[in-house]
Amino acid sequence: MAIVDVQVPQFSESVSEGTLLTWKKKPGEAVTVDETLVEIETDKVVLEVPAPATGVLTEIGVADGSTVTSQQLLAKIDTEAKAGAAAPAAAAAPAAAAPATAAPAATGGNKGDVAMPAAAKILAEKGLAATDVAGSGKDGRVTKGDALAASAKPAAAPVVVPAAPAVAKPLPSVAAPAQSLANLGERPEQRVPMTRLRARIAERLLQSQATNAILTTFNEVNMAPVMELRKKFQDSFTKEHGTKLGFMSFFVKAAVHALKKYPVLNASVDGNDIVYHGYFDIGIAVGSPRGLVVPILRNADQMSFADIEKKIAEFGKKAQEGKLGIDEMSGGTFSISNGGTFGSMLSTPIINPPQSAILGVHATKDRAVVENGQIVIRPMNYLAMSYDHRIIDGREAVLGLVAMKDALEDPSRLLFDI
């Protein structure tokens with residue numbers, strides 16, 4: 001019998017522990033090398049734990065929802081055993097420690113009944129198991145599209161929870177959060193613990209509010225020149241680069257243009273020092289099933305429009321699948337949040353520490369504006385830039401936002417850096 005250990009991947013220095021989500025295999029089931037056995041959620045990313053060898057999963061030593069650390073032993077694989085013949089040690093797995101409402105959506109005996117992370121959350125909300133949905137993904141995996149198209153099961157009657165002393169329980173899987181329902185007639189309530197990522201987001205937002213002197217300046221931009229330029233070159237751009245020309249690449253280019261003119265917008269505070277960064281790493285806020293994440297465009301000043309569009313599309317896909325790496329979200333000197341994607345007209349974005357400024361982009365709408373004494377209709381977008389007033393004065397903030405506005409209303413400025 002050749003036994004191979006399954007261990008927690010090595011976390012980065014900034015991550016001390018994680019939460020084990022739902023196991024995708026059971027003791028006694030066959031596994032193939034590199035097949036995902038379980039996922040671990042940290043306060044930054046979700047890591048997949050692949051099978052280190054082909055064989056049979058003979059023992060699971062850590063239950064769903066448990067807290068784990070780097071290199072911790074999770075399970076054992078017998079490379080010579082046959083499926084269905086689980087080792088006796090499998091019975092010792094601490095199944096009793098699992099949450100009472102473990103999700104069926106992310107468990108199963110083969111790849112064909114396993115849901116992708118985003119799909120698992122949707123299925124859990126609909127009261128469905130992965131086995132209830134035909135998967136169209138690789139090896140029969142249930143994708144987000146499959147989950148959205150699936151019909152929800154009828155809601156079950158609320159469960160009366162008897163009074164009991166508070167007992168500490170392990171955090172549940174994101175795919176199926178532990179639920180506490182009270183029988184309140186037609187006013188039910190549900191209590192769901194925050195995921196590690198959600199808790200980390202909350203912590204950083206409070207940290208930003210508590211440590212930065214946040215002020216926001218606003219301006220409006222006529223998007224007609226960008227829209228006309230985009231329309232004119234869309235077909236040739238797509239044919240040449242294999243990706244569509246979106247608006248975010250223009251916003252990124254305009255932001256870098258302004259940061260070069262006013263370097264303090266690209267700086268950060270370290271104690272009593274101001275650190276001026278000689279590079280431009282732009283964070284792009286992206287929504288994911290587990291919460292807001294901000295992957296970084298490294299050296300954005302050296303990227304072409306096509307490079308930016310491709311990278312943002314890659315970030316969006318990875319965010320939906322929960323596959324963004326820690327290195328992709330570390331650092332950053334300035335951020336852009338596009339609430340316009342969801343229809344936002346105006347907002348005051350919160351600075352992403354340790355950065356000192358963030359640009360908020362909103363929905364472009366036709367509005368009545370005055371040009372040369374005449375009322376005309378133009379596609380307008382309201383820009384908002386929040387900044388840390390400790391190091392950025394109103395002059396630099398306002399002029400920086402005006403520089404972005406000017407670059408968007410006359411994109412040729414980006415070519416000549418004026």
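Leaving aside neighbours within four places in sequence, Leu-297 is in contact with Val-252, Phe-280, Asp-281, Ile-282, Ile-284, Met-303, Ile-308, Lys-311, Ile-312 and Phe-315, contact meaning heavy atoms within 4.5 Å. The model is predicted, with local features requiring pLDDT of at least 70 and side-chain atom pairs counted only at pLDDT 80 or more, whereas totals for chains, interfaces and linings use all residues. Residues are numbered from 1 along each chain as its sequence is written, and side-chain values use heavy atoms, with hydrogens and water left out.

Leu-297 is among the residues with the most contacts inside the largest nonpolar core, together with Leu-74, Ile-284, Phe-334 and Ile-336. This core has 73 residues; a nonpolar core is a set of buried Ala, Val, Leu, Ile, Met, Phe, Trp, Tyr and Cys residues joined through side-chain atoms within 4.5 Å. Buried denotes under 20% relative accessible area, exposed over 50% and partly exposed in between (1.4 Å probe, protein chains only). Helix α5 (residues 248-261) supplies the largest share of the core, nine residues. Helices (H or I, at least four residues) and strands (E, at least two) are DSSP runs, numbered from the N terminus. A second, separate core of nine residues includes Ala-119, Leu-123, Leu-128 and Ala-130.

Strand β12 (residues 282-284) pairs with strand β16 (residues 334-338) in the parallel sense over three bridges, pairing requiring that DSSP find at least two bridges between the strands. Within this pair, Gly-283 stands opposite Ser-335 of β16. β16 also pairs with strand β17 (residues 357-361), in the parallel sense and over four bridges; here the bridge partner of Ser-337 is Gly-360 in β17.

The partner of β1 is strand β8 (residues 73-78), joined in the antiparallel sense over five bridges, and Ile-3 stands opposite Asp-78 in β8.

Helix α4 (residues 224-241) has 18 residues and spans 24 Å from its first C-alpha to its last, close to the 26 Å expected at 1.5 Å a residue, the expected span being 1.5 Å times one less than the number of residues. A bend of about 55° occurs at Gln-234, taken as the angle between axes fitted to the seven residues ending there and the seven starting there. Ala-224, Val-226, Gln-234 and Phe-237 of α4 are buried.
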